[in-house]
Amino acid sequence: MSEKLADSSEYRHGNMVFFDLLGVMVVAYPARVGTILNYVVAAATFLYLAKKASLPGNGGGRYVRDLAFATGVAVLSWFVTLLSVLIVALLVTLLGRSMFWYNHFYASICLYGTAATGKMILVHTLAKNLYYGGVRLVELGDLYFDVSLLLWCCSLVWLSQQGLCSAYVPMLMVAFPLATRLLLANEFKHRGASVKYSILYLLGLALPYVHFMFLIWVVFEIFTPIMGRSGTEIPPEVVLASLVTLTTIFLSSFFLHFIYLVRSTKWILAGLGSVFLIMFLLVSSGVFFPYSGNPDSPRPKRVFLQHTTRTFHNLQGEVESQDSGLWINSFDYTGIQHVTPHIPEINDSVRTRCREDRPFCGYPWFLPVKFLSKKNWYLPASEVSPSSPVEFQLVSKEETSWGTIKMTFSAKGPSHMSLYLMPHHGASLSTWSFGDGTPQFDLSGEYFVFYSHGLDAPVWTFWFEIQPPRDPDPSGPEGMISVALSSHYFFGADQRTAQLEEIIGRFPKWAFPSSWVSTYDMYRY
């Protein structure tokens with residue numbers, strides 16, 4: 001209903017820089033205006049630094065040397081801080097307390113945030129006491145303000161050169177501190193870090209810092225739930241500890257110079273150390289349970305369960321082996337350690353091992369994410385018998401004049417099916433009937449095709465051409481290629497079985513099990 005849509009040509013500005021302030025109002029302006037603004041702010045910063053370098057007391061490049069050394073100290077403090085916090089994250093992981101923050105986010109700030117802040121202050125305190133022993137505190141505070149300004153300005157120039165509209169963030173983090181510093185230059189020169197200076201300085205930083213903290217909050221709002229479904233291979237402690245450390249580095253930038261202005265930081269370090277130690281003991285003792293079934297603030301344990309029957313055929317088309325079971329996938333790093341006390345039969349004794357000679361390890365993956373969730377469990381169960389079983393057959397097999405083998409298949413089954421293709425050693429797919437005809441493989445060199453349709457659909461027919469191996473591997477599987485098809489019954493009478501219902505009913509309230517019936521049929525050609 002907007003009047004602006006009636007003639008949109010009036011609003012043609014190309015790319016736009018746009019952001020909201022605390023969700024209250026939106027700021028928007030053309031990207032070309034943003035680029036000009038960015039370079040004006042950057043030029044003003046370099047002029048400010050150049051003027052300081054040209055002062056009589058900074059002759060012979062003394063200021064430039066001091067600035068370069070202080071920048072090195074700041075960057076070194078980043079790496080030392082990140083390394084220290086990652087060691088803490090590793091200890092938490094080894095203690096089996098991963099994702100303690102999933103339902104208690106403040107705990108991660110109290111643990112990783114205090115570790116990062118304390119380490120940062122410690123590094124700069126050591127630099128002040130061991131290297132800058134005879135330098136006036138006011139000069140040191142002034143120098144490290146310039147360091148923060150220079151680093152933010154470098155990021156501003158780089159982002160602007162890349163044409164990224166997000167360069168507005170460092171622009172704000174340069175413009176407001178620089179303007180504040182220039183306005184308070186006399187106050188700082190005569191009184192140093194007085195109460196009046198500190199208050200006015202913080203007021204000058206309020207707008208960019210509040211906005212930046214809002215952006216950081218959005219990042220954590222995104223990544224915290226993502227860690228609950230990121231698979232069993234990505235250590236969530238490393239991810240969150242890194243994010244908290246980066247946040248500390250960013251937010252501490254224009255407060256570094258206060259470390260050099262105060263006479264002593266021992267009480268601050270003692271306070272941070274005490275909070276860290278208490279929080280580490282609480283985390284180690286398992287006080288913070290990661291999950292919650294509270295409907296107002298759910299933090300679910302996501303689990304996929306498939307009651308499946310797997311059938312494997314040899315090169316002659318005969319059934320080589322068959323089994324049935326409940327295939328269980330945990331979609332976070334803790335695996336089933338919190339599920340086993342509630343359902344004892346789901347334990348590490350039934351954990352699966354990937355069969356490299358079978359497509360996608362020989363299991364009915366719904367999506368190609370096996371590299372994200374390598375830990376899964378297979379609990380023996382009765383055979384499934386869907387009312388409309390999948391029909392799969394090789395329609396034709398012929399040799400082309402250019403030396404490849406063209407194989408055509410037909411499949412008819414439920415609304416969702418997954419096709420897996422695994423060429424054997426030395427063989428390769430040259431073309432197929434999907435997409436633009438160029439086979440696209442996954443990270444392990446296998447091919448995954450997801451097929452879905454409505455309630456009624458014709459038989460699915462597809463083909464591919466394979467280049468036979470010139471030097472077959474005698475220790476590998478027989479033939480040129482292994483083809484597997486899994487069917488997924490997501491709704492209707494075929495979706496549930498009595499065993500599936502029984503085990504789902506035993507999951508605790510904080511778990512969110514998604515379940516369905518599936519089949520997996522593998523053939524070798």
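Which residue forms a salt bridge with Glu345? Keep that in mind as we tour this predicted model.

**View 1. Arg506 pairs with Glu345.** The partner is Arg506, and the closest N and O atoms of this salt bridge are 2.6 Å apart. Arg506 sits in the loop between helix H11 (498-504) and strand S13 (511-524), while Glu345 belongs to the loop between strand S4 (319-330) and strand S5 (376-380), so the contact ties together parts that are 161 residues apart in sequence. Arg506 is partly exposed, at 29% relative accessible area, and Glu345 also counts as partly exposed, at 30%.

**View 2. Asp357 meets Arg524.** Here the side chains form a salt bridge with an N to O distance of 3.7 Å. Asp357 lies in the loop between S4 and S5 and Arg524 in strand S13, so this pair links parts 167 residues apart in sequence. Asp357 is partly exposed, with 23% relative accessibility, whereas Arg524 is buried, with 8%.

**View 3. Lys52 and Asp142 in a network of salt bridges.** Salt bridges with shared partners join Lys52, Asp142, Asp146 and Arg181 into one network. Within it, the side chains of Lys52 and Asp142 meet at 2.6 Å, N to O. Lys52 is in helix H1 (residues 31-53) and Asp142 in helix H4 (residues 137-161), so the two tie together parts that are 90 residues apart in sequence. Lys52 counts as buried, at 13% relative accessibility.

**View 4. The largest cavity and its lining.** Its volume is about 30 Å³. Among the lining residues are Lys412, Met417, Tyr451, His453 and Trp460. The lining divides into 6 nonpolar, 2 polar and 1 charged residues.

Key:
Residues are numbered from 1 along each chain as its sequence is written. This is a predicted model: local features need pLDDT of at least 70, side-chain atom pairs count only at pLDDT 80 or more; totals for chains, interfaces and linings use all residues. Side-chain values use heavy atoms; hydrogens and water are left out. On a 1 Å grid over the protein atoms alone, a cavity is a set of points where a 1.4 Å probe fits but cannot get out, and a pocket is an open set with protein on both sides within 12 Å along at least five of seven lines; lining residues have an atom within 4 Å of a point. Grid points are joined across faces, edges and corners, and a volume is the space filled by probe spheres set on the points. Ala, Val, Leu, Ile, Met, Phe, Trp, Tyr, Cys and Pro count as nonpolar, Asp, Glu, Lys and Arg as charged, and the others, Gly among them, as polar. A salt bridge is a side-chain nitrogen of Lys or Arg within 4 Å of a carboxyl oxygen of Asp or Glu. Helices (H or I, at least four residues) and strands (E, at least two) are DSSP runs, numbered from the N terminus. Buried means under 20% relative accessible area, exposed over 50%, partly exposed in between (1.4 Å probe, protein chains only).
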